[in-house]
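Subject: Structure handover

Hello,

Please find the structure below. My notes on what was found in it follow.

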Amino acid sequence: MVTIYGMIDSGNCYKPRLLMAKLGRSFRHVEISSHDGGTRADAFTAKNPNAMVPLLEFDDGRVLAESNAMLLHLAEGTRFVPQDAYARALTYQWLFFEQYSHEPYIAVRRALLTFPSRKKDATPERLAQTLERGEKALRVMERRLDETPFFAGSAISVADMALFAYTHVAGEGGFDLSAYPAVAAWIARVENDPGHVPMNWLPAA
Ligand SMILES: N[C@@H](CCC(=O)N[C@@H](CS)C(=O)NCC(=O)O)C(=O)O
């Protein structure tokens, strides 16, 4: 059985948990948190020198970091990675968009406003920058979702799981999703896809 090291309140860590739940696959959750220094502890950095969760560990000791790499690996051969080459390329496009143009603003603003350990970093400049760039990401998403029900086209893919993770809690970062009706409708579509679980869901021990 694979192990996912992760934080319960992190969207990046939610991504592989959500996918595993939807696939009906068993896994072990080990809580490693940046709040209490767990991600920087020697025992963890021996596994991931980048000192970040999530981290996937296979039975044979091999590990895989980066939430979106985990999504692609765990979803290989399932309905969550499109067969069509262009739709698959679009899936990659939106996964990269999530990491470069979305997560650094929408996830980070939420962390700045809600994680006590990040409060010292919540300067007015940082909050203004993350708001402006996060709104830009939401506008890009709104435009795409005006065209298609899901990011890679007509069917849900791992790109939707990656973007859902922090978009559905964007309100905690001060983003008003009522200004983005296509995004709000997409959130409901993702939540209604079979096997969906909320962010705080954990497998039975
Ligand atoms: N690009 C990485 C980002 C992972 C990341 O930012 N992890 C945060 C939690 S959401 C973390 O572990 N931070 C460690 C720390 O701040 O000490 C991914 O998608 O997996």
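Where is the place of Leu56? Leu56 sits in strand E3; helices (H or I, at least four residues) and strands (E, at least two) are DSSP runs, numbered from the N terminus.

Before the rest, two notes on the source. This is a predicted model, in which local features need pLDDT of at least 70, side-chain atom pairs count only at pLDDT 80 or more, and totals for chains, interfaces and linings use all residues. Residues are numbered from 1 along each chain as its sequence is written, and side-chain values use heavy atoms, with hydrogens and water left out.

Leu56 and its surroundings

Leu56 has a relative accessible area of 0% and is therefore buried (buried means under 20% relative accessible area, exposed over 50%, partly exposed in between, with a 1.4 Å probe and protein chains only). Not counting residues up to four places away in sequence, Leu56 touches Val2, Thr3, Ile4, Arg62, Val63, Leu64, Met70 and Leu74; contact means heavy atoms within 4.5 Å. Leu74 is 18 residues from Leu56 in sequence, and their C-alpha atoms are 10.0 Å apart.

Domains

The protein chain is divided into domain 1 (2-75) and domain 2 (85-192), with bounds that come from an automatic or database domain assignment. Their C-alpha centres lie 21 Å apart. Domain 1 puts 17 residues into the contact and domain 2 puts in 15 residues.

Ala75 belongs to helix H3. With a relative accessible area of 0%, Ala75 is buried. Its contacts, leaving aside neighbours within four places in sequence, are Leu19, Phe80, Val81 and Val158. Between the C-alpha atoms of Ala75 and Leu202, 127 residues apart along the chain, the separation is 19 Å.

Nonpolar cores

A nonpolar core is a set of buried Ala, Val, Leu, Ile, Met, Phe, Trp, Tyr and Cys residues joined through side-chain atoms within 4.5 Å. The largest one has 47 residues, and Met141, Phe151, Val183 and Trp186 have the most contacts inside it. At least two residues of this core come from each of strand E1 (2-6) and helices H1 (11-23), H3 (67-75), H4 (85-114), H5 (124-147), H6 (158-167) and H7 (181-192). H6 gives the largest share, 8 residues. Why does this core lie between domain 1 and domain 2? It does so because both domains give residues to it.

Trp186 is in contact with Met141, Leu145, Pro149, Phe150, Phe151, Asp160, Leu163, Phe164 and Thr167, leaving aside its neighbours within four places in sequence.

Thr167, one of the contacts of Trp186, is in helix H6. Thr167 counts as buried because its relative accessibility is 0%. Besides Trp186, Thr167 touches His102, Leu138, Met141, Leu177, Val183 and Ile187, again not counting residues up to four places away in sequence.

The largest pocket

Rolling a probe the size of a water molecule over the atoms shows where empty space is left. The search used a 1 Å grid over the protein atoms alone: a pocket is an open set of points where a 1.4 Å probe fits, with protein on both sides within 12 Å along at least five of seven lines, and lining residues have an atom within 4 Å of a point. The largest pocket holds about 680 Å³ of space; grid points are joined across faces, edges and corners, and a volume is the space filled by probe spheres set on the points.

Its lining has 28 residues, of which Asn12, Met52, Val53, Glu103 and Tyr166 lie nearest the centre. H1 and H4 are the elements that give two or more residues to the lining, and H4 gives the largest share, 6 residues. Domain 1 and domain 2 each supply at least three lining residues. By class there are 11 nonpolar, 10 polar and 7 charged residues (Ala, Val, Leu, Ile, Met, Phe, Trp, Tyr, Cys and Pro count as nonpolar, Asp, Glu, Lys and Arg as charged, and the others, Gly among them, as polar).

Backbone points

Val53 and Pro54 are joined by a cis peptide bond, with omega about 10°. Pro54 is in the loop between helix H2 (42-45) and strand E3 (55-57). Ala51 is found in the loop between H2 and E3 and, although not a glycine, has a positive phi of about 55°.

Regards
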